[in-house]
Amino acid sequence: MRKLWGARNMNNLNIALDSLVANRLRSFLTALGIIFGVGAVIAMLAIGRGAKEEIMNQMKLVGVNNIVIRPVTEEQKNEEESGDQENKAARMEEKKKFSKGLSLQDAYSILKMIPTVEAVSPEMILDQDVIYSGKSRKLKMVGIEPAFFELNNIGLSSGKMFNSTQLTGGEGVCIIGAGVKRKFFISEDPLGKVIKCGQQWLKVIGVTDEKMISSATKENLGIRDYNMDIYVPIQTALVRYKNPAIRIERLAWFQESNTPQSASPHQLDQLIVKVRQPEQLTETAGIISRMLKRRHSDVMDFEVSIPEQLLQQQQKTKDVFNIVLSAIAGISLLVGGIGIMNIMLASVLERTKEIGIRMALGAQKNDIVMQFLFEAVLISLCGGIIGIILGVLGAYIVDKVADIKTIVSAVSIFLSFVLASSVGLIFGISPARKAADQNPIECLRHA
């Protein structure tokens, strides 16, 4: 019985194929809605997946549960508050107060006083001329503490981390980025070598792992290329490159004499604070802001931001955008399905004689249903396959031309294939049943 049923269905499938081949243009036009719908679904899922991975990579770059504190200079304040009379009045009042700027003491106080803080990473960034073996290049030298590498997810490919003596004694040692190694040490091991950084000689004790960062990510997050940095203990940066006592005395003199300041009063260029739990980020940021404002004599010469929350908001915005685009793609599939149903209904009317002859020769209602259902599903499947090819090609073009990261996954291809099959099956049932319900005598009368 099974063999007989299988043979009948194979015969119905062959009849459906013959009908589609005989009406190639109509079949292709019917499948257009499915082609564009599936192609759009593939492309939208690829864009959405690419955007999500990019956001996750950006989160890894800024670290998890991190709060970033940056100093605000006089020039930045003036730009932000120009034309605002109320802010101008507040700024005049603020100028009468004295703040020593963002300092190491701020970092240590945050770590000591706020229990929700797990670690702090102060950074002091200086532009220096780096020289080694006749090669010279202007690079950024960054004064750090060991927490910097953990908070920024940076590992060492070779060498070792700063020890306690090097961290507290201001010794002339450094860890170089992978890009610095490529620039200065093409065919030799940099470990143990001495490079000239500004007016100081520094011994290389380690090399960081390569950290891949796209230009768009750098611009979006406002971060630098870690691979081209030279890292020194922050005490080394203070002792050998800066003298904080002189800077504070000079600042006080400027305050008293009303002489314009050309140099920033801030000791630190950035301070990263890691919070123990994600839910404590907002509350801890508020506490840090109030604490620093009090320490800086009510002068708001700093800004506190939470990169992870900004990125999550960005991800939500992209998700909404992708949902809207996917909905549009889904509507295309729906329209394609309606097109299939309309064409199949018209086909039933056109082929009334064929249906009558088949039923008169012994074809059962099941055979007629399967014949037209096969036609609808085959149109959908062919349209789905072409749509998948177009969708993958479209995602590739978007990636290369528009510089938007796209990732085509096997899941999205399988989902699109299932959608295409389902559309044909669902919208093909009604025409197939209508064909099967025809009266053979009435059908033959149309001959």
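What you have here is a predicted model, where local features need pLDDT of at least 70, side-chain atom pairs count only at pLDDT 80 or more, and totals for chains, interfaces and linings use all residues. Residues are numbered from 1 along each chain as its sequence is written, and side-chain values use heavy atoms, with hydrogens and water left out. The protein chain has 17 helices and 10 strands; these are DSSP runs numbered from the N terminus, with helices being H or I of at least four residues and strands being E of at least two.

**The chain as a whole**

- Of the chain's 447 residues, 43% count as buried, meaning under 20% relative accessible area, while exposed means over 50% and partly exposed is in between (1.4 Å probe, protein chains only).
- Take the contacts with a separation of 6 or more: 80% of them come from residues 24 or more positions apart. A contact here means heavy atoms within 4.5 Å.

**Helices α15 and α16**

- Two packed helices are described by the angle between their axes and the distance between the axes.
- Helix α15 covers residues 365-401 and helix α16 covers residues 410-436; their axes come within 7 Å and cross at roughly 150°. Axes are lines fitted to C-alpha atoms, for helices over the stretch in contact, and angles run from 0 to 180 degrees between N-to-C directions.
- α15 and α16 are therefore roughly antiparallel to each other. The cut-offs go like this: under 35 degrees is roughly parallel, over 145 is roughly antiparallel, 65 to 115 is roughly perpendicular, and the rest is oblique.
- The α15 and α16 crossing is right-handed. That word applies if the near helix is turned clockwise from the far one by less than a right angle, and left-handed if anticlockwise.
- On the contact of α15 with α16 you'll find 18 nonpolar, six polar and two charged residues. Nonpolar covers Ala, Val, Leu, Ile, Met, Phe, Trp, Tyr, Cys and Pro; charged covers Asp, Glu, Lys and Arg; the others, Gly among them, are polar.

**Helices α14 and α15**

- Helix α14 (residues 352-360) packs on α15 at an angle of about 140°, with the axes 10 Å apart, so α14 and α15 are oblique to each other.
- This crossing of α14 and α15 is right-handed.
- From α14, Glu354, Ile355, Arg358 and Met359 meet Asp367, Ile368, Gln371 and Phe372 in α15. By class, that contact has four nonpolar, one polar and three charged residues.

**Cysteines**

- There are zero disulfides in the whole structure; a disulfide would be a pair of cysteine sulfur atoms within 2.5 Å.
- For Cys174, the closest cysteine sulfur is in Cys197, 7.2 Å away, which is too far for a bond.
- Cys174 is buried, at 0% relative accessibility, whereas Cys382 is partly exposed, at 45%.

**Single residues to look up**

- Gly48 sits in helix α2 (residues 24-62) and is buried, at 15% relative accessibility. Gly48 and Thr406 are 358 residues apart in sequence, yet 7.4 Å apart in space, C-alpha to C-alpha.
- Asn153 isn't a glycine, but it has a positive phi of about 55°. Asn153 is in the loop between α6 (147-151) and β4 (156-159) and is partly exposed, at 42%.
- Ser297 isn't a glycine either, and its phi is positive, at about 60°. Ser297 is in the loop between α12 (281-295) and β10 (302-305), where it is partly exposed, at 35%.
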